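Hi,

Here is the structure I promised to pass on. Have a look at it first, and my notes follow below.

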Amino acid sequence: CNSIWHYRTSSKLTIPNGVECLASVGGNSSYKIKQIILPNSLKTIDYGVFFISANLSKIIFPNSVASINQEAFFRSGIKKAKFGKGLTYIGPESFRKCENLKYISLPKKLKKIDYCAFKGCQKLKKVKILSTNTNISFQVFSRCSNLKSVTINGVIEIDSGAFYNCKKLSKVKIGNKKKAPKIEKNAFKNTKKGIKFYVKNKRVAKSLKKQLKGSGVKKAKILVGKKVIYKNVK
């Protein structure tokens with residue numbers, strides 16, 4: 001970081017323009033913060049800056065932010081998060097246990113969602129990932145007990161336990177045009193029986209059936225449009 005801003009103990013925090021990196025120096029008092037205004041110069045939010053910011057309910061990231069690092073918003077009170085177009089990296093446990101977060105839409109330039117990034121977001125119901133060039137790492141959405149719908153435009157890989165214990169997950173839309181993402185063992189373990197996977201064409205459907213073997217799905221269906229191509233996949 002060539003610019004570091006160590007925030008003060010106040011309920012409203014306005015980061016001045018010109019700051020490129022937020023870093024917590026010498027401890028923090030983020031539990032008091034209710035509102036944050038971030039500048040268009042900001043590129044990085046570093047380790048644990050807004051850790052346990054329980055009173056923070058909304059965050060808007062400018063398009064300049066490329067990296068949100070480890071535990072940046074761990075156990076914060078965020079209900080709504082708007083991610084900017086320039087985001088390429090979401091760090092480990094960065095939004096873990098944000099138990100009020102209900103919906104996320106992640107931008108096209110995103111390259112990696114690191115391990116446990118959204119783990120235990122218990123009110124999260126819907127996820128949309130616009131990127132066609134990203135990886136969903138280990139247990140990213142695990143234990144999101146109310147997650148029902150996931151849309152991915154072209155994910156490359158879904159790692160082990162990515163959706164573990166998402167017991168209400170019933171719909172996954174996959175936008176890949178040539179082949180399904182690589183899906184690691186137990187990626188969908190302990191999810192709802194009969195998940196419907198919607199894909200673009202029969203080629204992707206065939207590829208997906210192969211990838212889902214050992215993923216933990218139970219009697220899943222693979223559809224192209226409204227037509228079931230494969231059923232009872234496990």
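Which side chain meets that of Glu 93 in a salt bridge? Arg 96 does, with an N to O distance of 2.4 Å. Before I go on, keep in mind that this is a predicted model.

Charged pairs

Side chains of opposite charge can pair when their charged atoms come close. A search of the whole structure turns up two salt bridges.

The core

The largest nonpolar core has 66 residues, and those touching the most other members are Phe 73, Phe 118, Ile 136, Phe 141, Phe 163, Phe 188 and Phe 197. Elements giving two or more residues to this core include β10 (103-106), β12 (126-129), β14 (149-152), β16 (171-174) and β18 (196-199), along with α1 (202-211) and β19 (220-224). The largest share is three residues, and α1 supplies it.

Val 204, Ala 205, Ser 207 and Leu 208 are the buried residues to look at in α1. They sit on the same side of the helix, because the arc they cover around the axis is only 165°. An α-helix has 3.6 residues a turn, so residues three or four places apart point the same way. What do the buried residues of α1 pack against? Their partners are β16, β17 (182-183), β18, β19 and β20 (227-233). On the face turned away from the buried side you will find the exposed residues Lys 202, Arg 203, Lys 206 and Lys 210. At the start of α1, the backbone nitrogen of Arg 203 has a side-chain oxygen of Asn 201 within 3.1 Å.

Loops

Most residues other than glycine have a negative phi. Arg 75, though not a glycine, has a positive phi of about 55°, and Arg 143 has a positive phi near 60°. Arg 75 belongs to the loop between β7 (67-68) and β8 (80-82), while Arg 143 is in the loop between β13 (135-136) and β14. Each is partly exposed, with a relative accessibility of 44% for Arg 75 and 41% for Arg 143.

The loop between β13 and β14 also holds Gln 139. Is Gln 139 buried or exposed? At 15% relative accessibility, it counts as buried. Beyond residues up to four places away in sequence, Gln 139 touches Cys 116, Lys 119, Ser 160, Gly 161 and Ala 162.

Finally, Ser 41 is in the loop between β4 (35-37) and β5 (44-45). Ser 41 is buried, since its relative accessible area is 17%. A polar atom of its side chain lies 2.7 Å from the backbone oxygen of Val 19. Apart from neighbours within four places in sequence, Ser 41 is in contact with Pro 16, Asn 17, Gly 18, Val 19, Glu 20 and Ser 64.

Cheers

Note on methods:
Residues numbered from 1 in each chain as written. Predicted model: local features only at pLDDT ≥ 70, side-chain atom pairs only at ≥ 80, totals over all residues. Heavy atoms only, no water. Helix = DSSP H or I, 4+ residues; strand = E, 2+ residues; numbered from the N terminus. Buried < 20%, exposed > 50% of the residue type's maximum accessible area, 1.4 Å probe, protein only. Polar contact = N/O pair within 3.5 Å; in protein donor to acceptor, adjacent residues only side chain to side chain. Contact = heavy atoms within 4.5 Å. Core = buried A, V, L, I, M, F, W, Y, C linked by side-chain atoms within 4.5 Å. Salt bridge = Lys/Arg side-chain N within 4 Å of Asp/Glu carboxyl O. Arc of directions from axis to C-beta.
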